Amino acid sequence: MNELEALALALEVEKAELNFYIRLARKASDERAKRMFLFLAREEAEHWGIFEEKFVEKLIEECELPPVDRTMLEKLLVSVDEKDLSEVDAVRIGMEQEKLTWEFYEKAAREAESGSVRRVFEELAKVEKSHYELLKAQYDSVMKTGIWMDYQDFSLEVD
């Protein structure tokens, strides 16, 4: 997969994650869970903007609009029936999704030819991993205590 194809795929992944977290926020009954899902939605929207900017730069360089590899996209998105999804299950699925995403970004960074594209993938891989850590801490808290922690209690600083 070339850089432009990886960027196109990253845009699709970020859009899917953004939509997922917005839907979860709408359905959340716990106010802390809702705030966490909205925070993650804003983060994914920011990532979308970063990838879109880099995608347009590469698109202008290469003058070629790549198709999105739908088979690969399906592998990168956790399939879920949201109809009867509990908030705790949503967090667990979010963890799976963030792990798939950060691993894809790490791979795309290793394969990137351009230093600027590599840096974008490396940086956003770290952020996606921090999202996973936030969701894992939230999951552990709810499973052990039954209490949602405020997402602001968790540091999302990346190296």
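The model is predicted, so local features need pLDDT of at least 70, side-chain atom pairs count only at pLDDT 80 or more, and totals for chains, interfaces and linings use all residues. Residues are numbered from 1 along each chain as its sequence is written, and side-chain values use heavy atoms, with hydrogens and water left out.

Start with helix α1, residues 3-27. Helices here are DSSP runs of H or I, at least four residues long, numbered from the N terminus. Helix α1 has 25 residues and reaches 36 Å from its first C-alpha to its last. That is close to the expected 36 Å; the expected span is 1.5 Å times one less than the number of residues. At its start, a side-chain oxygen of Asn-2 comes within 3.0 Å of the backbone nitrogen of Leu-4.

Next comes helix α2, residues 31-62. Helix α2 has 32 residues and spans 46 Å, close to the 46 Å expected. At the start of α2, a side-chain oxygen of Asp-30 lies within 2.8 Å of the backbone nitrogen of Arg-32. Ile-60 sits in α2. Ile-60 counts as exposed because its relative accessibility is 61% (exposed is over 50%, buried under 20%, partly exposed in between, with a 1.4 Å probe and protein chains only).

After α2 comes Cys-63. Cys-63 belongs to the loop between α2 and α3 (70-76). Its phi is positive, about 50 degrees, although Cys-63 is not a glycine. Cys-63 is exposed, at 70% relative accessible area.

Now pair α2 with helix α5, residues 115-145. Two packed helices are described by the angle and the distance between their axes. The axes of α2 and α5 come within 11 Å and cross at roughly 170 degrees. Therefore α2 is roughly antiparallel to α5 (over 145 degrees; under 35 is roughly parallel, 65 to 115 roughly perpendicular, the rest oblique). Contact means heavy atoms within 4.5 Å. Among the contact residues are Phe-39, His-47 and Phe-51 of α2, and Val-120, Leu-124 and His-131 of α5. By class, the contact has 12 nonpolar, 4 polar and 5 charged residues.

Finish inside α5, with Ser-130. Ser-130 is buried, at 9% relative accessible area. The Ser-130 side chain reaches the backbone oxygen of Val-127 at 2.6 Å.

Key
Axes are lines fitted to C-alpha atoms, for helices over the stretch in contact, and angles run from 0 to 180 degrees between N-to-C directions. Helices (H or I, at least four residues) and strands (E, at least two) are DSSP runs, numbered from the N terminus. Ala, Val, Leu, Ile, Met, Phe, Trp, Tyr, Cys and Pro count as nonpolar, Asp, Glu, Lys and Arg as charged, and the others, Gly among them, as polar. A polar contact is a pair of N or O atoms within 3.5 Å; within protein, one must be able to donate a hydrogen and the other to accept it, and residues adjacent in sequence count only if both atoms are side-chain atoms.
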